[in-house]
Amino acid sequence: MSRNTIFLTCSIVLNLLLFHSWYFHGEWEQSWTKSATAEAEFVASISCSGHGRAFLDGSIVDGKPVCECNACYGGPHCSVFLPECIADADSGDPMFLEPFWLKHAASSTIVVPGWHRMSYEFNDDSLISKELDAQIRKLHAVIGNAVTDGRFIIFGVGATQLLHAAVHALSTTNHPSSPSRVVASTPYYPIYKEQTEFFNSEDYKFEGDTSLCNNNSGCKGNFIELVTSPNNPDGQLKKAVIQGPSAKTIHDFAYYWPHYTPIPALADENLMIFTLSKLTGHGGSRFGWAIIKDEAVHQRMLTYMNLSTYGVARETQLRVLKLLKVAVENEGKEMFNFGYQTMRNRWRKLSKTMSLSKRFSIQELETQFCSFSEKVRGATPAYAWLKCEREEDKDCNAVLHSVNITGRHGSLFGAESRFVRLSLVKSDDDFDLLLKRMGTLVSQENNNDGINKIMTHR
């Protein structure tokens, strides 16, 4: 046997031994995973008194990450309550799910190496992860809230981008004298109006409420109806109003999840839009998807997405894939039960407070059978649609400002100013302060009523 042959044989044996040691004993673990894990766990261990969080990409002071405090808390460790601060019930930031993800830190964590998916496209020249596409279809099958078989799926930078892509895809082209008429039923999500007017296209114009089609003279032309179900702001399950060959519909199902509503049936519409933010709470990841029946509409939306952002970041798609795998564990029972229980408890507390008031009212919550939970249950919407009942309280948001509450003005939804949307999906700190301030308003009302009765009897 030659010297070269002996050397080659020894080399092969050594490599086999090293591979065996790494594969079965983990002794060949790459160091960058250790350092990345240590860095992440160090930041996660920083105490912010339960009223804030430190982040890897947060501010650094004296070489260490510092706490980013929740609203109404301050100090180095977020331990100081700021009593004069505003109770912000305006934003729909879905932080109510954060405790679930803290509990599932291990199963939801990803490590992204510097060389991960550097190319513009995947190996099949597409901009969409096939694994994520499959996971989304699995998610809808588990929850039973949307048909995906035989449908096209497109990813977008949140539902906001997809909504405009859908309006573009459905609009009348090359007819500037007769643009498509974009409408929605009042109260409607303000972005429909704001976004359509901002882009100022010759192909479509926002025309307001669907009631303009209540008579035949108002129904002329091509319509694009935006249907939000459950509705933002009042949580009602909605259906399209305008029918006929010249009517096209975009169904915004951002809130069609068991956190917020019973799921009565599979949605089977031509164009359906969903968003990660209201599903898992990860609004900052900016991810949404559309489920589309018609291939021509799919192609027009795809062209829009390619020309605007050329797809969704690979890191985002990887994170979403990981999150959705956790979401469907145990047939989705754990995450969706957590979300539902949290929202139900918040609605019970708010409803108890509001039941003591005649000055304010909130929407009634309907009960129906939920195919996901297999029982009859009530709705637990993301928002309370508050109404000031007194004739003199024409600006309800101004009334709330008197006790340092800010909500979203009813006029933004095409409704009267005596309505205000109050967000119930923010952090526990935000909700607790909102509830306390609403309790103050109701107590003032009842105290004043008591004084008035005494004065009357005198």
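A disulfide is a pair of cysteine sulfur atoms within 2.5 Å. The views below are taken from a predicted model.

**View 1. The disulfide between C69 and C78.** The sulfur atoms of C69 and C78 lie 2.2 Å apart. The S-S torsion of this pair is about -90°, so the disulfide is left-handed.

**View 2. The disulfide between C72 and C85.** Here the S to S distance is 1.7 Å, and the torsion about the S-S bond is 100°, a right-handed link. The pair links distant parts of the chain, 13 residues apart. C72 sits in the loop between β4 (68-69) and β5 (73-74), and C85 in the loop between β6 (80-81) and β7 (87-88). C72 has 8% relative accessibility and counts as buried; C85 also counts as buried, at 15%.

**View 3. The disulfide between C388 and C396.** The sulfur atoms of C388 and C396 are 2.0 Å apart. Because the torsion about their S-S bond is about 70°, the disulfide is right-handed. Both C388 and C396 are buried. A search of the whole structure finds 4 disulfides.

View 4. T280 belongs to helix α8 (residues 276-280). T280 counts as buried because its relative accessibility is 1%, under the 20% cut-off. Leaving aside residues up to four places away in sequence, T280 touches L97, W101, L323, L324 and M335. The side chains of T280 and H282 are joined by a polar contact of 2.7 Å. F96 is 184 residues from T280 in sequence, yet the C-alpha to C-alpha distance between T280 and F96 is 9.7 Å.

**View 5. Helix α7 and what covers it.** Buried residues in helix α7 (residues 190-199) are P190, I191, Y192, Q195 and T196. Their cover includes helix α6 (158-170). It also includes the strands β9 (180-184), β10 (204-209), β11 (223-228) and β12 (247-252). Just after α7, N200 adopts a positive phi of about 50°.

View 6. The largest nonpolar core has 71 residues, and W289 and L422 touch the most other members. A second, separate core has 27 residues, among them L162, A165, V182 and A290. In soluble globular proteins, nonpolar side chains tend to be buried together.

Definitions and conventions:
Residues numbered from 1 in each chain as written. Predicted model: local features only at pLDDT ≥ 70, side-chain atom pairs only at ≥ 80, totals over all residues. Heavy atoms only, no water. Helix = DSSP H or I, 4+ residues; strand = E, 2+ residues; numbered from the N terminus. Buried < 20%, exposed > 50% of the residue type's maximum accessible area, 1.4 Å probe, protein only. Contact = heavy atoms within 4.5 Å. Polar contact = N/O pair within 3.5 Å; in protein donor to acceptor, adjacent residues only side chain to side chain. Core = buried A, V, L, I, M, F, W, Y, C linked by side-chain atoms within 4.5 Å.
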